[in-house]
Amino acid sequence: MAEIHLKSLAHSYSKKPTGPSDYAIREMNHVWEHGKAYALLGPSGCGKSTLLNIISGLLSPSGGEILFDNVKVNDIPPEDRNIAQVFQFPVVYDSMTVFNNLAFPLRNQKVPEAKVTAKVNEIAEILELHNVLHKKAKNLTADEKQKVSMGRGLVRDNVSAILFDEPLTVIDPHLKWKLRRKLKQIHEQFNITMVYVTHDQLEASTFADQIALMYEGQIVQFGTPRELFEKPNHTFVGYFIGSPGMNITEVKRIPDGVLFDDIEVPLSPALNEIVQASPSKNIKIGIRPEFVRVSQDPTEGAYQARVMYEEDLGTYKVLSIQLGQWELKAIIEENAVSPKGVAYVNFPSQWLKLYIDEYLVEDNQS
Amino acid sequence: MRKVENNKAWLLVLPVFLLVAFSAIVPLMTVVNYSVQDIFDQNNAYFVGSEWYREILRDPRLHESLLRQFMFSFAVLAIEIPLGIGIALMMPTKGKMASVCLILVAIPLLIPWNVVGTIWQIFGRADIGLFGWSLTSLGMDYNYASNPIDAWATVLLMDVWHWTPLVALLCYSGLRAIPEAFYQAARIDRASKWAIFRHIQLPKLKNVLVIGVLLRFMDSFMIYTEPFVLTGGGPGNSTTFLSQTLTQMAIGQFDLGPAAAFSLIYFLIVLLVSWLFFTTINHMDKDK
């Protein structure tokens, strides 16, 4: 059980990094609280597996410190960090039975055999592996193997954390949710810190209390699934979370707001003040498709646009709308009458987000 | 729905059938044919049934040769397989050294068999060969041409030198195919070096080792050229292995019938041992 603290942590695979692009992990400071479930979410190559391997000790960071319960563990090898790690492809010891697989870490620690048996049976029961205990691990299905691989972590006493590296990649879709459910249950039962690496936002949001969204070696947002959805604090978060992602377009600064393609978007006085004060030319606005209001008739503050096409996804519809040069998506209910041709779109001000240099700018009221 | 019968496929596999017939079945049947006849010349051949087989199975020369052959193959496997695994484990995995090592290890495999025999024949001589000279200088009474034990040791050493690289290369490729995650998991599980070998590397090498053992068994069981060049089967008959006995019988004495019967028995032994081995190994994976 441990709180994991990343202190000015950075990592570069090259020996003499010259610029930020040489870093797989750019300097970061984060605290992962004891007993919580975290997801490390991001596209391939964003550094999430690197970060995971640094936490487990398989990789030594080129800069900064990792603390487990305020003890620096940089120089402690993985075998002494008391963590468990589950890999993308199930790692089982083929020649051993499931029982011996689960007993392996304990026997390596010279735990008395009576305790090994008790502990293995207990964990097998929880993981629902008791029926296959005497089968060879080689002959198991992928999801059972993944459970064995996790079980080898759970049998040990006082595991600081369990780290998962995309553990459901090779699992059949219908078993995925079952295994995910099991992970949650184990999390609740054992009160262990869990870190779960994935590129699947759905997996991340169902598994984790908090999601750390990584992009180019940085954690760009650390928050609950809801926060990431409602208040993406980086354009990448907006784009990556949600399906379809956030509508984002570049805008120019005008005296009382911003402008794109001759379409003026007024801003609240507080936001406008920040925009006017900023020297940056990189200004963007963004709104989630779920929050775009579309109607057939003109309403107050609505912009006239054209509906290009409509995709019916069964439970909701996605409209592609052309507003000036901006092609944006809007999600409407399955039963709603979708406008054809001309439509009026409205951006509720609390959902219209402003980004300067890709980062969210907020007025203090919201 | 009506099932469409299309016999064109037979036409397409016909070339393979012909090829296999000419390369394997026809020669084999010729041997079977010889083994049941007493042939004097083209026009005088008599059917003798199983007579040659009975004669061969009672031949003490063959018994000795067979025993010698099994001992040799067993010794070859017992040395080359562990040694090959050991070399593969020690070979570097990355960088220039990896390529250099691969080439060095592969060299013996590229030398023609009769040349291997010649190399060792000279190498082992006490007067001009480095190996023989060194042993003699150390005060050992080494002479592969007159001492059966020395002859055996030299043939064995030659085979180990020639063929261990094959096992090593097979194992090396097998080791490279093990994903890094296995080693990482083993580290987290605090597995010792031995445990990693026993529970990760060895099981993952199983498939290449099965191939290695089969190849080395079959090859060593049929060894001919190298001992023939090195010792000519001597001193006495001490390094006369099965295939040399067979050659003597077929070409030296021109006893085609018994030689044919011998060939078939020889073939069946190789087949049987290989099959037994393969089946046993496969059976080990199953759950009881």
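This is a predicted model: local features need pLDDT of at least 70, side-chain atom pairs count only at pLDDT 80 or more; totals for chains, interfaces and linings use all residues.
Me: Which residues in domain 1 of chain A lose the most area to domain 2?
Reply: Those are A:Phe229, A:Pro232 and A:Thr235, which together make up 54% of what the domain 1 side buries.

Me: How many salt bridges and polar contacts between the two domains?
Reply: The count of salt bridges between domain 1 and domain 2 of chain A is zero. For polar contacts, the count between these domains is five residue pairs, both residues being at pLDDT 80 or more.

Me: Let's switch to the chain A and chain B interface. How many residues are in contact?
Reply: There, 27 residues of chain A are in contact with 21 residues of chain B. The two chains bury about 2,100 Å² between them, with 52% of it given by carbon and sulfur atoms.

Me: How many salt bridges cross that interface?
Reply: Four salt bridges are found across the interface of chain A and chain B, along with eight residue pairs in polar contact, again both at pLDDT 80 or more. On the chain A side, α2 (78-81), β6 and α3 each supply at least two of the residues that touch chain B.

Me: Nice. What does A:Asp94 pair with?
Reply: A:Asp94 forms a salt bridge with B:Lys204, and the closest N and O atoms are 3.1 Å apart. This pair crosses between chains: A:Asp94 sits in the loop between β6 (83-86) and α3 (98-108) of chain A, and B:Lys204 is in helix α9 of chain B.

Me: Is A:Asp94 buried or exposed?
Reply: A:Asp94 counts as buried because its relative accessible area is 16%, and the cut-off for buried is under 20%. B:Lys204 has a relative accessible area of 28%, so that residue is partly exposed.

Me: And what about A:Arg152, which residue does it bridge to?
Reply: A:Arg152 forms a salt bridge with B:Asp189, with 2.7 Å between the closest N and O atoms. A:Arg152 lies in helix α5 (residues 142-154) of chain A, while B:Asp189 is in the loop between α8 (180-188) and α9 of chain B, so this pair joins two chains. A:Arg152 is buried, at 2% relative accessible area, and B:Asp189 is buried too, at 4%.

Me: How many salt bridges over all chains?
Reply: The whole structure has 18. One of the others is A:Lys317 with A:Glu310, at 3.9 Å from N to O. A:Lys317 counts as buried at 9% relative accessibility, whereas A:Glu310 is partly exposed at 35%. There is also a network in which salt bridges with shared partners join B:Glu80, B:Asp159, B:Arg216 and B:Asp219.

Me: Now the nonpolar side. Which residues touch the most other members of the largest core?
Reply: In the largest nonpolar core, of 76 residues, those are A:Leu6, A:Trp32 and A:Leu51. Helix α9 (residues 193-221) of chain B gives the most to this core, with 10 residues. Another core lies apart from it, with 51 residues, including A:Val86, A:Ile162, A:Ile186 and A:Phe240.

Me: What does A:Leu51 touch?
Reply: Not counting residues up to four places away in sequence, its contacts include A:Leu6, A:Leu9, A:Trp32, A:Met214 and A:Ile219.

Me: Last one: where is B:Gln201?
Reply: B:Gln201 is in helix α9 of chain B and counts as buried at 12% relative accessibility. The B:Gln201 side chain makes a polar contact with the side chain of B:Tyr183, at 3.2 Å. Leaving aside neighbours within four places in sequence, B:Gln201 is also in contact with residues including B:Leu89, B:Leu175 and B:Ile178.

How values were computed
Residues are numbered from 1 along each chain as its sequence is written. Chains are lettered from A and ligands numbered from 1 in the order in which they are written. Side-chain values use heavy atoms; hydrogens and water are left out. A nonpolar core is a set of buried Ala, Val, Leu, Ile, Met, Phe, Trp, Tyr and Cys residues joined through side-chain atoms within 4.5 Å. Buried means under 20% relative accessible area, exposed over 50%, partly exposed in between (1.4 Å probe, protein chains only). Helices (H or I, at least four residues) and strands (E, at least two) are DSSP runs, numbered from the N terminus. Contact means heavy atoms within 4.5 Å. Buried area is the accessible area (1.4 Å probe) that two parts lose on being put together, summed over both. A salt bridge is a side-chain nitrogen of Lys or Arg within 4 Å of a carboxyl oxygen of Asp or Glu. A polar contact is a pair of N or O atoms within 3.5 Å; within protein, one must be able to donate a hydrogen and the other to accept it, and residues adjacent in sequence count only if both atoms are side-chain atoms.
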